[in-house]
Each structure stands twice: as structure tokens, then as C-alpha cells.
Amino acid sequence: MTEQQPWQWDEATWRGHVERVRAGRSLRPASWPGGARAAVALSFDSDHETIPLRDGETRPGKLAQGEYGARVGVPRVLRLLERHGVPASFFMPAVSALLHPGEVRDYVAAGHEVAMHGWIHERNMTLDPADERELALRAADTLERLSGTRPAGIRTPSWDFSDHTLAITRELGLSYDSSLMADDEPYELLADGEPTGIVEIPVEWIRDDAPYLMMERYGSLRPYTPPRQVAGIWRDEFDAAYAEGGLFQLTLHPHIIGHRSRMVALSELLDHIGGHDGVWYATHAQIADHVRENA
Ligand SMILES: [Zn+2]
């Protein structure tokens with residue numbers, strides 16, 4: 001039997017694809033802790049060398065660009081967060097954590113969250129389900145061993161979410177996922193129409209440094225927005241979230257944002273947010289716990 005084209009699918013087929021993993025009830029809370037007006041959840045994906053490694057790119061030149069994230073980016077990020085007194089969530093591939101175990105200890109010592117981001121930044125949608133599951137279980141065990149705490153949540157590498165990712169997330173007993181984009185505010189994930197109890201803390205490429213600032217020497221990818229303009233987009237995202245009493249979530253990468261000119265822009269953004277009363281800064285795990293109890 002030849003595979004059907006999408007225009008040949010019957011209703012049960014196309015409906016089934018859409019409903020496999022879908023947004024359920026909104027978990028926008030009635031209020032934020034301490035009567036805060038809005039919430040801010042900063043995250044850093046500490047990929048470092050794992051993106052070239054994932055692609056089988058083993059030559060020193062590419063790896064050095066990732067190494068910069070651990071060597072220069074992370075210390076700068078940690079100093080900035082300390083200066084502003086704000087927590088963050090660090091999503092870390094297990095191989096990155098094994099390469100930089102002291103960095104994991106630094107995150108924990110500063111009160112930040114360490115959460116899952118794959119084994120070697122693998123592309124879940126290209127893996128057999130058994131391989132995706134085995135890598136996820138191994139990554140959870142590795143992060144627990146290095147950080148001293150079982151991770152509470154997951155961000156799939158490259159936000160690459162397969163047909164099997166949600167089942168693995170449930171098997172691991174995780175509290176939240178932060179890889180999907182069906183809302184601005186947290187929501188509950190449904191699996192084939194059934195509530196899962198898993199909180200989605202949604203992301204967006206708009207609130208990610210990578211699309212604006214990445215560079216590929218022999219490809220067409222070039223940074224196209226100056227850092228202060230990027231921060232201006234995020235400032236507008238924050239201002240609107242604040243006006244709505246919602247969540248402002250941001251995804252950054254130490255090897256991308258950690259450069260001098262970009263840290264200036266990020267610092268200015270945090271100054272802008274810090275000029276507002278009633279902002280609750282929280283890790284993704286804290287957001288998930290709060291909205292589950294208060295939606
Ligand atoms: Zn990543």
C-alpha cells in the first residue's frame with residue numbers, strides 16, 4: 001500500500017495527528033507570588049560543544065566556538081545574574097555537563113536550576129523511539145549525579161519534539177516541558193486529548209538569541225539584527241507581558257549571548273525589567289509549581 005498524501009487523509013487521521021500532543025487548559029495563574037504583577041523566567045541552554053559534536057563535527061575550530069560558552073559566556077552570565085539578584089534555569093545536555101562538571105556545581109551553588117536538554121543535543125525527530133528514550137533516561141541520571149538533584153523539567157534540544165517525547169517526559173516523572181509554542185502563557189499538555197498534568201512553559205524563536213545572532217561561515221546564515229535591537233524586541237515582549245499580567249520567558253545561549261557587545265544589551269534589558277515594580281523572577285521549575293497550584 002502506498003503511503004497516503006495528506007490531502008487523502010480521512011478526518012480521523014488528520015485529527016489524530018493534531019491531537020497527539022496539544023495545548024489543554026490555560027495555566028495562567030489567578031495571581032503571581034507576593035502579589036507580583038508579572039513573572040520573568042530566564043533560561044540559558046548551555047550547549048557548548050554539543051551542537052558540533054551532535055553533527056559529527058569534531059574539528060577544533062567548531063568546538064572552540066562552543067568552548068567559548070563555557071569558558072567566557074557562563075562566568076559573565078553568572079556575574080550578571082548575581083548583580084541583578086535573579087535566578088535562572090540552565091538547560092544542559094548531559095555531555096556538556098560531563099565536559100564541565102564544575103559549571104554544574106556553580107549553577108547549583110548560585111541557586112539556579114539545572115534541567116534536561118538531551119544527551120548530546122540529539123535531534124529527537126530523527127531517532128528511533130527506543131534510542132530517544134534511552135538517551136533521555138541516561139541524561140536524567142547524569143544530571144542528577146552531577147547536580148545533586150533530579151531534574152524537574154526538560155527542554156528538548158533544538159525544540160525538536162517527536163511523537164514519543166511526551167511519553168518519555170511522563171515516564172521520567174518530570175513536572176514540565178519547555179519546548180512548545182502554542183501560547184504565551186503556561187498551559188497543560190494533552191496527550192490524545194487526555195490531560196497529562198505536565199506543565200508547558202512555552203518558548204518562541206522571537207524570545208531566543210540564536211535566530212538573530214547566529215553565524216555560519218560557509219552558509220548564508222548571518223547575524224541580521226544588532227544586539228541592542230534584539231534586546232529592544234525582548235523589551236517590547238516584556239512590556240506587553242507586564243501589561244497583561246503574564247509571563248515573560250527568554251531563551252539564551254552562553255556561547256551566543258556571552259560576547260561582550262551582546263552582554264551589554266542583555267544587561268540593559270535586565271535594567272529595564274528591574275525598573276518595574278511587582279516582577280516575580282523565577283526558575284522554570286518554580287513557574288511550573290506555581291501555575292499548577294494556582295491556575
Ligand atoms: Zn540547545
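Select helix α6, residues 129-147, which has 19 residues. From first C-alpha to last, α6 reaches 27 Å, close to the 27 Å expected at 1.5 Å a residue (the expected span is 1.5 Å times one less than the number of residues). Helices (H or I, at least four residues) and strands (E, at least two) are DSSP runs, numbered from the N terminus. The model is predicted: local features need pLDDT of at least 70 and side-chain atom pairs count only at pLDDT 80 or more, while totals for chains, interfaces and linings use all residues. Residue numbers start from 1 along each chain as its sequence is written.

Within α6, colour Glu132, Leu135, Ala136, Ala139, Ala140, Thr142, Leu143, Leu146 and Ser147, which are buried. A residue is buried if 20 or more other C-beta atoms lie within 10 Å of its own, exposed if 12 or fewer, and partly exposed in between, with C-beta atoms placed from the backbone. Next display β3 (89-92), α4 (94-99), α5 (101-109), β4 (113-116) and α7 (165-171), against which the buried residues of α6 pack. Past the end of α6 comes Gly148, with a positive phi near 85°.

Ala139 and Leu143 lead on to the largest nonpolar core, which has 69 residues. A nonpolar core is a set of buried Ala, Val, Leu, Ile, Met, Phe, Trp, Tyr and Cys residues joined through C-beta atoms within 7 Å. The members that touch the most others are Ala39, Val40, Ala41, Ala139, Leu143, Tyr176 and Ile287. Centre on Tyr176: leaving aside neighbours within four places in sequence, Tyr176 is in contact with Ala152, Gly153, Ile198, Val199, Glu200, Ile201, His284, Ala285 and Ala288 (contact requires C-beta atoms, placed from the backbone, within 7 Å).

Now select α9 (residues 227-244) and α11 (residues 260-274), whose axes come within 9 Å and cross at roughly 25°. The two helices are therefore roughly parallel, a term for angles under 35 degrees. Axes are lines fitted to C-alpha atoms, for helices over the stretch in contact, with angles from 0 to 180 degrees between N-to-C directions. Residues making the contact include Trp234 and Phe238 of α9 and Leu266 and Ile273 of α11.

Finish at the loop between β5 (153-154) and α7, where Ser158 is placed. Phi of Ser158 is positive, near 60°, in a residue other than glycine. Ser158 is partly exposed, with 19 other C-beta atoms within 10 Å. Trp159 lies in the loop between β5 and α7 and has a positive phi of about 55°, although Trp159 is not a glycine. Trp159 is partly exposed, with 17 other C-beta atoms within 10 Å.

Terms used
Contact = placed C-beta atoms within 7 Å. Parallel < 35°, antiparallel > 145°, perpendicular 65-115°, else oblique.
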